[in-house]
Amino acid sequence: MRSPQGKFLSHLAIALATALPVAASLATTAPAHADAAVNKVVVIGLDGVMYKKVQEAEAPNLLKLAAEGTLGQTSIAPHITISGPSWSTVLTGVWDTKHGIKNNNVTTAPFAKYPTVFTQVEKADPGLRTVSIVTWPTIGIIAGAGDPHADVNVRSPQQPNDPTGAKIDAVTADSSAAAIANEGPDFLFTHLDQVDGAGHSHGGASTEYLAAVRSVDTQVGKIVAAVDARAKAYPNERWNILVTTDHGHRPLGGHGGQSADETANFLIARGPAFKAGVTNSSNSLVDITPTALDLLGVPPSPDFDGTSVVNAPNLGSAG
Ligand SMILES: [Zn+2]
């Protein structure tokens, strides 16, 4: 069964066995290791993170992911640099000008016209497992919008004595790592919030902001370790990680405007679908949903403003 033809025939046998119950006896001839490769997608959303501060903080896990994958750095102007509009864009693949969400008063209504990645994946194949585990509870509204919506929609509980938000982020990261290890979801979105808190309290130029970047980087490391362990244990699963942010922060803190610090965005894409060491300055948060659907074999929506970054060309040094 090692010739190309033999491989084709064994796949044909599996396809027939799947399509036609009467042909089920053919499946017994297929070798056990012929499990088809399946793509898995983990999106890590980091609130209020500027990539230049990831570099300044020398955050090891994020820098390693970027080095192992494709890195985009760009401005998202004139998109509104607020969490509600931006996470809605991450999870729909369309800009604020389409979904119409202008602030953090997020309702489910816009997702009837511009369905979330969860709805699009579940509609295409209800058998795919979609999970949202987040620190910022508003994202639970997005993940729960539409029919069908995310299979699992978890908002981490507030933690006692957690002034920086580091504890609740640790709960979110631990829950995400456990979900990856235990159930191998096809699409998982997770969101960590502590860097935005440091930005608001101390400013984007502060040492506290850098410390928060290092702290959230540790949580990213836990999720990546879970992905890598799962990929090793299940060789037919091809795990891809996407990391992005919703907005940056002004030096003295705050966002919502159009300064370079506020509109700065990045997208890290690391996994079997992405080349290492590629930089592409056109990749951003709006490309997350188109990329996830591409990887999961779901046709793109004609409404998309973003595009899949699978096979994104190397455009040279970014930002
Ligand atoms: Zn904020």
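Does His255 count as buried or exposed, and at what relative accessibility? At 17% relative accessibility, His255 counts as buried, where buried means under 20% relative accessible area, computed with a 1.4 Å probe on protein chains only. This is a predicted model, in which local features need pLDDT of at least 70 and side-chain atom pairs count only at pLDDT 80 or more, while totals for chains, interfaces and linings use all residues. Residues are numbered from 1 along each chain as its sequence is written, and side-chain values use heavy atoms, with hydrogens and water left out.

His255 is one of the protein donors of the zinc ion, which include Asp196 (OD), Asp196 (OD), His200 (NE2) and His255 (NE2) at 2.1 to 2.5 Å; donors here are N, O and S atoms within 2.8 Å of the metal (3.2 Å for Na, K and Ca), and since water is not among the atoms, sites may look incomplete. In sequence the donor residues follow the spacing D-x3-H-x54-H. Asp196 lies in helix α11 (residues 194-202) and His255 in the loop between β6 (237-245) and α13 (260-263), so the pair ties together parts that are 59 residues apart in sequence. Asp196, at 10% relative accessibility, also counts as buried.

At least two lining residues each come from α10 (166-183), α11 and α12 (207-233).

Elsewhere, six of the eight residues of helix α8 (residues 117-124) are buried, so α8 is largely enclosed by the rest of the structure. The buried residues are Val117, Phe118, Thr119, Gln120, Val121 and Glu122, and they pack against β3 (130-134), α9 (138-143), β5 (187-192) and α14 (288-295).

For the chain as a whole, there are 14 helices and eight strands, taken as DSSP runs (H or I, at least four residues, for helices; E, at least two, for strands). Buried residues make up 53% of the 319 residues. Among contacts (heavy atoms within 4.5 Å) between residues at least 6 apart in sequence, 69% join residues at least 24 apart.

Definitions and conventions. Buried means under 20% relative accessible area, exposed over 50%, partly exposed in between (1.4 Å probe, protein chains only).
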